[in-house]
Amino acid sequence: MRKLVSTLTGLEYPFERFEEFADNGEALEVAVAGVEEARPRPGRHIWERFAEFLPFKAMDASASLGEGNTPLVDAGGRLKSFAGVNRLLLKNETQNPTWSFKDRGSLACIFMAQEMGERTTATISTGNMGHSIAAYGARSGIKALVFVPEFAPREKLMAMTMHGATVIRVRAPDYAAMKKEVLGLWKDFKLRIVSGNGPIRTEGYKLTAFELFEQLQGEPPDYIAVPTSACGHIRGLFKGFRELLAAGLIGRLPRMIVVQAANNSPIVSAIKQGVKHVIPFSNFHTVAEAITTGNPMGGDEIIAKASEHGWLAEDAAEAEILEAQRVFAEAGWFVESATATVLCAVRRLRAAGRIGAGDSVVLMLTGAGLKDLDALKHQSFNVIESNLDNVRSDLERALL
Ligand SMILES: *Cc1c(COP(=O)(O)O)cnc(C)c1O
């Protein structure tokens with residue numbers, strides 16, 4: 001009644017499978033039997049209201065840190081005029097317990113670990129996923145083990161260790177190669193090692209689609225722009241809408257906008273060039289540290305979905321990302337550099353006429369600005385240095 005199915009050729013595997021990808025490398029997703037008849041029901045948490053869409057047998061409320069229920073807000077005049085889009089909404093995932101959307105997926109991973117009787121959960125992450133699973137491990141009493149690359153920001157490592165996770169920093173020439181190696185360790189250790197694009201984590205991200213469905217009174221937006229790295233978030237969101245469609249609760253699917261940094265755009269480049277496979281990137285640097293997967297495993301699914309469903313894809317240059325991060329901040333939202341890419345992308349797509357004047361667009365605010373202080377060193381820092389003798393005159397000048 002519940003199984004894993006590979007997303008391109010439909011290979012089937014047991015739900016309990018440790019490995020996160022099919023033997024041929026395709027991404028896996030959970031198939032829940034009876035989704036056509038599933039209906040929302042009353043409940044406090046989104047995962048209680050949409051329990052019939054989820055594969056877990058039991059979901060223990062005490063594992064929750066209060067994730068989800070994030071605001072969907074009008075973007076306001078500054079962002080609308082910058083992007084050139086009038087119907088612009090922000091889904092503010094920075095208000096999750098560890099300040100990124102990763103918390104939704106971490107809760108799903110904890111539900112899975114509890115159901116399987118696993119005492120340890122491992123993950124590989126550049127920062128936000130590790131921070132998130134560390135917090136959920138602390139909450140639920142499941143040991144969290146996090147593999148990080150050398151470039152993971154110190155703020156995120158501090159959070160992981162504060163929550164009591166075991167952090168293993170791996171020196172490796174390339175993050176994609178490191179990821180492959182680490183994920184392969186499951187076999188000898190019989191350990192579930194969760195990546196950013198696994199089928200269980202994705203079930204947690206699905207909940208965001210259900211929340212948008214509720215917040216928009218059942219009417220999906222035309223577009224949802226998602227900064228994309230491992231690809232779990234974007235496919236989880238879309239899976240949620242596919243299931244709502246299958247259940248007859250919505251009449252059409254939103255179109256996704258895949259957004260990456262121009263310096264690392266393995267998916268966006270493939271979509272733009274009209275090829276079917278991920279174009280691997282290596283030896284790059286981008287200020288958008290949270291979206292640095294250069295060769296996303298299972299990424300071909302996203303390229304196939306883009307062509308099947310008419311998704312858009314756009315990248316953002318380094319200077320544009322920093323500008324967009326500042327524009328977001330000037331409008332009141334302090335987002336991570338990786339998140340800022342969505343504003344650049346939507347602005348470009350609107351200018352090119354790919355997004356229509358009357359289309360509604362949701363920007364996913366995936367992570368909070370204070371999570372990567374290093375990226376902020378590129379921003380201007382305007383503080384008036386004063387002292388008790390000068391504070392009066394400084395104030396006078398400031399008010400001019
Ligand atoms: C993880 C992350 C992303 C990318 O999500 P994927 O599921 O890896 O594609 C984007 N922005 C932020 C802030 C993140 O932490």
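**From the chain to the ligand**

Reply: Let us begin with the secondary structure: this model is predicted, and its protein chain holds 14 helices and 13 strands. The radius of gyration of the protein chain is 21 Å, close to the 21 Å that the globule rule gives for 400 residues, so the chain is as compact as a globular protein of that length.

Me: What box do the C-alpha atoms of the protein chain fill along the principal axes?

Reply: Taken along those axes, the box filled by the C-alpha atoms is roughly 70 × 45 × 45 Å.

Me: Turning to the ligand, which residues around it come nearest?

Reply: There are 15 residues around the ligand, and of these Lys-102, Asn-128, Ser-229, Ala-230 and Thr-366 come nearest. Sorted by class, the shell consists of 6 nonpolar, 7 polar and 2 charged residues.

Me: Which polar backbone atom is 2.9 Å from an oxygen atom of the ligand?

Reply: One such atom belongs to Ala-230, at 2.9 Å from a ligand oxygen, and a backbone N or O atom of Cys-231 also lies 2.9 Å from an oxygen atom of the ligand. For Ser-229, a backbone N or O atom is found 2.8 Å from a ligand oxygen.

Me: How much of the ligand does the protein bury?

Reply: Taken alone, the ligand exposes 380 Å², and the protein buries 96% of that. The space that the ligand takes up is the largest cavity.

Notes
Residues numbered from 1 in each chain as written. Predicted model: local features only at pLDDT ≥ 70, side-chain atom pairs only at ≥ 80, totals over all residues. Heavy atoms only, no water. Near = heavy atom within 4 Å. Polar contact = N/O pair within 3.5 Å; in protein donor to acceptor, adjacent residues only side chain to side chain. Areas by Shrake-Rupley, 256 points an atom, 1.4 Å probe, with all protein chains shown as cover. 1 Å grid on protein atoms, 1.4 Å probe; cavity = no way out; pocket = protein on both sides within 12 Å on 5 of 7 lines; lining within 4 Å. Sits in = over half its atoms within 2 Å of the grid points. Nonpolar A, V, L, I, M, F, W, Y, C, P; charged D, E, K, R; others polar. Helix = DSSP H or I, 4+ residues; strand = E, 2+ residues; numbered from the N terminus. Rg over C-alpha atoms; globule rule 2.2 N^0.38 Å.
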